[in-house]
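I opened my notebook for this one and jotted down things as I looked them up. Here is the model I had on screen.

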Amino acid sequence: MDALTRRRFLRASGIAGAGALVTGGAGMSLAELLRTRPDEAPAWTRQKVNRLVLVTLYGGNDGLNTVIPYADPAYHSARPELAYAPEEVIRLDADLGLNPAMRRLKKVWDAKRLAIVLGVEYPKPNRSHFRSMDIWQSASPSRPATTGWIGRWLDGTQATRETAVSFEPVLPPVLAGQTRVGSCVSYRGFELPSWIDAGTVSALGRGQPGEPEMQARAAMSYADLITMEHVIHGADKAVESEGTVEAPTGPATATGGDSEIAAQLELVARCVEVGVPTRVYSVSLGGFDLHADERGAHQFLLGQLDAAIGGFLDRMARTEAGRQVVVVVYSEFGRRVRANSSDGTDHGTAAPVLVAGYRVAGGFYGEQPSLTDLDNGDLKASTDFRDVYGSVLASVLGAEPARYLDGYQPHALPLFPPGR
Amino acid sequence: MTDDIALLLRRAGFGPTASELAAARAAGYATTVAALLEPPGPDIGATSAPIPELGPDPYAEQPDPSDDQRRRFDATRADQLAQITRWWLDRMTVANHQAVERLLFFWHGHWATSVTKVKSAQLMLTQHRTLRDAPDFAAMTQRMVVDPALVYWLDGQRNVKGAANENLARELFELFTLGIGNYTEHDVKQAGRALTGWHIDLRSQRCVFAPAYYDGGRKTILGSTADFGAASLVDLLMRRPACPRFIASRLWYRYASSTQPIPARLREAMAAAFPAPAAMLRTLFSDDAFRATRGTMVKQPIEWLVGVMRQLRIRPANIPAATLTELVDGLAGLGQRPFAPPSVGGWPSGPAWLTSAAAQVRLSLAGKLVNLAVDGRLTPEDVAYLLGIDTWTNRTYALLRQQRNSRLLMVLGTVSPEYLVT
């Protein structure tokens, strides 16, 4: 696959927004929903941690070269061309360290706000990008599902459309429910051409009784365009007028320029700061499927990720709303322990999940998989991915995990201690 | 049923012109299916858009250029890519054999190879010719496993005896021939061995077999044991019952419904016509289940753009270069630049295209297109006629009636929810 395994990967997957119905019927648009925003802060804002930013790394991120078992001789012998020498690694403890590109996340680690959950995977790993990503996003490892785990939470809470927002080009399956679906918002801006006015576009966005579902969704995309123009402009203004962010913090600040992940997180930051009532944001970075010449390209991607998340977390630490945010970073699988003949790696299994935020209890969770006790050349998982989701559902979204994890009873990870 | 004929033309091609629609209605459904899938004689329209001669890829002559040469070479490559992009959009627009062009577009999405990694417009065009010339799916697959663009895209040239790179083998099974669930991890690893030994010759634009890198040992794949190589592996795959079914379901996914599964009965009927794609499509188009999917398919951006150009009589070959660049950038903004699928899994589908971000880009793109074509006074009825729309909803009709500017009226027609869905 391309070095750019794209974020726009929605394809023949069972989810793909299939069957997800338009919220509240075809006539309801985000604009109308936003106008119902309460004057007083809703109850959930009193939770210590209440907003989730899901960062999806498409293509299969090489976990062993992200959180590196640098002290293990087996690491160096399995992938001599790809391995980082111990002196290159940013050490976290006597066994594990971060990729040299992850300098900012090291600072987050030092501040004890970065949790690294080790060896995370679902049962019976699948090495297809598409199936594996479906499983991560649906949280349904045993059978294909038509909904994402966040989508089911949207269903269960009868959430409004702004509750979950994606800044990716297409709606990720994780935000698709049966009756509710997240909103998809571009980071490229919403300005209308000069020759058309908002009223005309809004008129195109009115739903019609009996209209086919896809046609209704096409209409809604115009209504949403007007809404998002309004929201994003509102975000701009509020940032300036409230002065919650000092001057240098803008689109290009401390994020290394216009990389897409940085642009997406910039929008999340603005929305959080002005109090847009979104609970779940989905952003992504593609390009991790490095079957050949992996090392430099992988380090470049991790550098982008590090700069974007590091900058975002710094910014979030400055406001109370920002301190309630947690970032979760995952990929559809890790990669084979042994390098292939092209200085790359083929599809593998378990990998670390990163959880970061002001109120996250930093440190390692779970166990680093052995590099010698392998399952057919692949790492054995030590943590079920639903244990991470369960902790997020319970502590961030205030939900009962089993209800949205198909009955799975997660082992809660103490990622969000009450005192912090 | 006249409505069925409009549906057929919209799905089988890129958007019928008013005269094509009238002719098809006069001919009837069955005759139209036959004319689409077995068009008589050469494609007269397409003769004005012959496949371009690009000249050599600069890197083929000088594989190890200086920095200065590299800058010039990359500029040449960008220009060559612009040429083939313009040509393909032009060909889709002017071809009379619309179903042939639409099927090629399907195969491009099926073997989803992107120039963003391959870099060479020549190799992309070579792949395009291969897809165009293949008589059926079995022959196509034989040629594609040694197609240099596909091989490079999936790191096949790095797949050598002793340390296989499984990228090509895996996607050959999962995305191109069998579908997930019809093979094991063991099969993928062994097939990776069977595909070793091919490297890319940029000058001849071919894959060349190098026996020294080929793993000639015995392999057990899908229960069969032999000294498999690329050709015998493809033969094996073509004999698997899963393969015709998988191709049938992929055709259904792009021509009938991306949200509902193919009915098992229809899948078997289409599979019986394998490996001839035209015969499989004939079975699909002749089935009631196809007609029942009316109103469920979202036009892909290229289908939308080419459809508008056909119906408004805009020829990409005649568009000024700067404007054409804007149109192609617009397609990229919608998520569908020709020769650059976002994933080996192919293009997105259905509601994934209907984002607010796409709505904004589509408006701007429609404005540029309409400026190239529309003059004079139009009514909402004229717009419906030109765009082949059966009826407007009250919403759209009311909005169109308010417009005093014919160009804005046409823009609203081309971006209307009614026009975006077939």
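My entries follow, beginning with the ground rules.

**Ground rules.** I am working with a predicted model, where local features need pLDDT of at least 70, side-chain atom pairs count only at pLDDT 80 or more, and totals for chains, interfaces and linings use all residues. I number residues from 1 along each chain as its sequence is written, and I letter chains from A and number ligands from 1 in the order in which they are written.

**Confidence.** I looked up the predictor's scores and found an ipTM of 0.93 and a pTM of 0.81 for the complex. Chain B averages a pLDDT of 95, and 100% of its residues score at least 70; pLDDT is the predictor's confidence in each residue, from 0 to 100.

**Chain A overall.** I get 12 helices and 12 strands here. Helices (H or I, at least four residues) and strands (E, at least two) are DSSP runs, numbered from the N terminus. Of the 420 residues of chain A, 60% count as buried. My burial cut-offs: a residue is buried if 20 or more other C-beta atoms lie within 10 Å of its own, exposed if 12 or fewer, and partly exposed in between, with C-beta atoms placed from the backbone. I also checked contacts in chain A between residues at least 6 apart in sequence, and 75% of them join residues at least 24 apart. Contact means that the C-beta atoms of two residues, placed from the backbone, lie within 7 Å.

**Chain B overall.** This chain has 24 helices and four strands. Its radius of gyration is 23 Å, close to the 22 Å that the globule rule gives for 422 residues, so chain B is as compact as a globular protein of that length. The radius is taken over C-alpha atoms, and the rule is 2.2 Å times the number of residues to the power 0.38. Along the principal axes, the C-alpha trace of chain B spans about 70 × 60 × 40 Å. Buried residues make up 54% of the 422. For chain B contacts between residues at least 6 apart in sequence, I noted 72% joining residues at least 24 apart.

**Interface.** I find 54 residues of chain A in contact with 54 residues of chain B. On the chain A side, helices H4 (129-138), H6 (198-204) and H7 (213-242) each supply at least two residues. H7(A) gives the largest share of that side, 10 residues. By class, the chain A side has 29 nonpolar, 13 polar and 12 charged residues. For these classes, Ala, Val, Leu, Ile, Met, Phe, Trp, Tyr, Cys and Pro count as nonpolar, Asp, Glu, Lys and Arg as charged, and the others, Gly among them, as polar.

**A sheet in chain A.** I traced an open sheet of three strands in the order E2-E4-E3 (chain A), with antiparallel pairing. Strands pair if DSSP finds at least two bridges between them. E2 (67-68) and E3 (90-91) of chain A stand at the edges with a single partner strand each, so one side of each is left without a neighbour in the sheet. Two bridges join E3(A) to E4 (residues 97-98) of chain A, and A:Arg91 stands opposite A:Gly97.

**A hairpin in chain B.** Strands E1 (residues 198-201) and E2 (residues 206-209) of chain B pair antiparallel over four bridges. B:His199 has B:Val208 as its bridge partner. Four residues lie between the strands, and B:Gln205 in the turn has a positive phi of about 55°.

**Which residues of H3(B) are buried?** In this helix (residues 29-37), I list B:Thr32, B:Val33, B:Leu36 and B:Leu37. Seen down the axis, they fall within an arc of 120°, so they line one face of the helix; the arc is that of the directions from the helix axis to the C-beta atoms. On the other side, B:Ala30 and B:Thr31 are exposed.

Most residues other than glycine have a negative phi, and most peptide bonds are trans. A:Ala139 has a positive phi, near 55°, and is buried, with 25 other C-beta atoms within 10 Å. A cis peptide bond joins B:Phe274 and B:Pro275, with omega about 5°.
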